[in-house]
Amino acid sequence: MKQISTLILFLLLIFSNPIYAGFEFCQGSGSEGGSDTFQQQISLNGIIEVGELPIGISGIEISLTSPVDIDVQLYDKETGEKIIHWPNGILSSAGNKSVVYHDLLIEWSGYNGDGTGPGNEYIKISGNNDPLAPTNRAFIMKVFGYKAGLADVDYSWDGANCDDSASGNGSFKQQIVQDAIVNIGDIPTGISDLNIKLESPVDVDIQLYDKDNGKAIIAWPNGLLNKGTTSSISYEGMVIEWSGYNGDGTNLGHEYIKISGETTKNLTMKAFGYRSGLATVNYSWGAGNGGGGNNSGDTTSSEEAIVKGELLSLVNAARSQGRNCGGTFYPATTPVTWNSKLYQAALGHSEDMATNNYFSHTGLNGQHAGSRITAAGYSWSTYGENIAAGYFSAQSVIDGWLTSSGHCKNIMNASVTNMGVAKATGGSYGIYWTQVFAKPQ
């Protein structure tokens, strides 16, 4: 999530979907301080993203109050470094501690809470030398729940540098419900050159409506655009392109909308699900936003950056030392590099396992790892896949894989050059991991 004032699609979404509510530092006049509150769902033994703290916000104070025991987490969005995290963060203790991080003073109550209960924790962020200095780093705040429940998030800030940028991008998650239509979000007037891509491991159909008169612009079978393949239409001065209900060519659950020019009407985007699942919605708009709907690119999301920061160094550290995998010795080998397409292949499988509560290399649609990698747009000559469930830290899942001969062999395989790893919460194990290695053709 970039500067909050510019994420119009996301901000409008949160009013209809409180589970994905987040911080709104740039409401009202923007440059002034303020305060607000929202509720956040807490998952049993799961990590939930609370929201982003963008660059340019001063005097941040956040209190999270819950009847269940929770642990607040804070990550550097760019590097994925764990600033607040038990047990691996810079701040990781039970009691109140603070640290100077990139000239910002970050204070945390500690995992035992603020003294009123283990579910009541706080974070404070201010300038180290000047308390009113704005944040110079973007942070991601998350929360781990020891029990399922609901938390109140109260936050305040002293000022915000809210630049209503003419361009930007963002990403969020959306639950897809079987045989039902869910609201993705509202698109207001005045947004230029908008691209939206919805990616889901399950088959979905995007829908787009004129909010003012209810006209179905994109909908099967009765929309102005209703075909299985790519088509476009001129509507109220906008050129609207849709991938079609058969998707963008990589997967039936991968569809896009592209609106060229400036939006002249208030629009509402929805999605119909043929099965339940979790979708990732990526969107961008504005000057220089020439990417079409079927150009997935290799842009790294905030969640991806965090997982990359956690796993890539651990894997390459393991590959840098010779080791026995079962009865076979594997010598030290070259490091692998991160690949966003492999991450997407891994993410789709982790989300599918978590959503549908199963554990297997074979997806419920019959696809194996090679098919998922191909569908993500990666042309491979060789590949390997590791999966795991029930491990709640990067170190523990790597340790688990390295003690298993088959998984260890995949990690130490000298013939692979790229890697992507993704995790998803849910299901009976609480968390599911997929690790994909490959070498391009």
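F272 has a relative accessibility of 22%, so this residue counts as partly exposed. The model is a predicted one. Y274, at 33% relative accessibility, also falls in the partly exposed class.

**Aromatic pairs**

Ten aromatic pairs turn up in a search of the whole structure. Two of them are listed here.

| Pair | Distance of ring centres | Angle of planes | Class |
|---|---|---|---|
| W220 and Y245 | 6.4 Å | 70 degrees | edge-to-face |
| F272 and Y274 | 4.9 Å | 80 degrees | edge-to-face |

W220 is in the loop between β16 (216-218) and β17 (231-235), and Y245 is in the loop between β18 (238-242) and β19 (254-262), so their pair ties together parts that are 25 residues apart in sequence. Y245 is partly exposed, because its relative accessibility is 27%. A single aromatic cluster is formed by F359, Y429 and Y432.

**Charges over rings**

K142 sits over the face of Y75, 5.4 Å from the ring centre. K270 lies over the face of Y209 at 5.2 Å from the ring centre.

**Nonpolar cores**

The largest nonpolar core contains 34 residues, and L311, M419 and W433 have the most contacts inside it. Elements giving two or more residues to this core include α2 (302-319), α3 (340-356), β26 (418-426) and β27 (430-440). A second, separate core has 33 residues, among them F25, L74, W157 and A160.

**Second largest pocket**

The volume of the second largest pocket is about 160 Å³. Its lining includes D71, H85, W86, F144, Y146 and F392. By residue type, the lining of this pocket comprises six nonpolar, three polar and one charged.

Definitions and conventions. Residues are numbered from 1 along each chain as its sequence is written. This is a predicted model: local features need pLDDT of at least 70, side-chain atom pairs count only at pLDDT 80 or more; totals for chains, interfaces and linings use all residues. Side-chain values use heavy atoms; hydrogens and water are left out. On a 1 Å grid over the protein atoms alone, a cavity is a set of points where a 1.4 Å probe fits but cannot get out, and a pocket is an open set with protein on both sides within 12 Å along at least five of seven lines; lining residues have an atom within 4 Å of a point. Grid points are joined across faces, edges and corners, and a volume is the space filled by probe spheres set on the points. Ala, Val, Leu, Ile, Met, Phe, Trp, Tyr, Cys and Pro count as nonpolar, Asp, Glu, Lys and Arg as charged, and the others, Gly among them, as polar. A nonpolar core is a set of buried Ala, Val, Leu, Ile, Met, Phe, Trp, Tyr and Cys residues joined through side-chain atoms within 4.5 Å. Buried means under 20% relative accessible area, exposed over 50%, partly exposed in between (1.4 Å probe, protein chains only). Helices (H or I, at least four residues) and strands (E, at least two) are DSSP runs, numbered from the N terminus. Rings of Phe, Tyr and Trp (its six-membered ring) pair if their centres lie within 6.5 Å; planes under 30 degrees apart count as stacked, over 60 as edge-to-face and the rest as tilted. A charge sits over a ring if NZ of Lys or CZ of Arg is within 6 Å of the ring centre and within 35 degrees of the ring normal.
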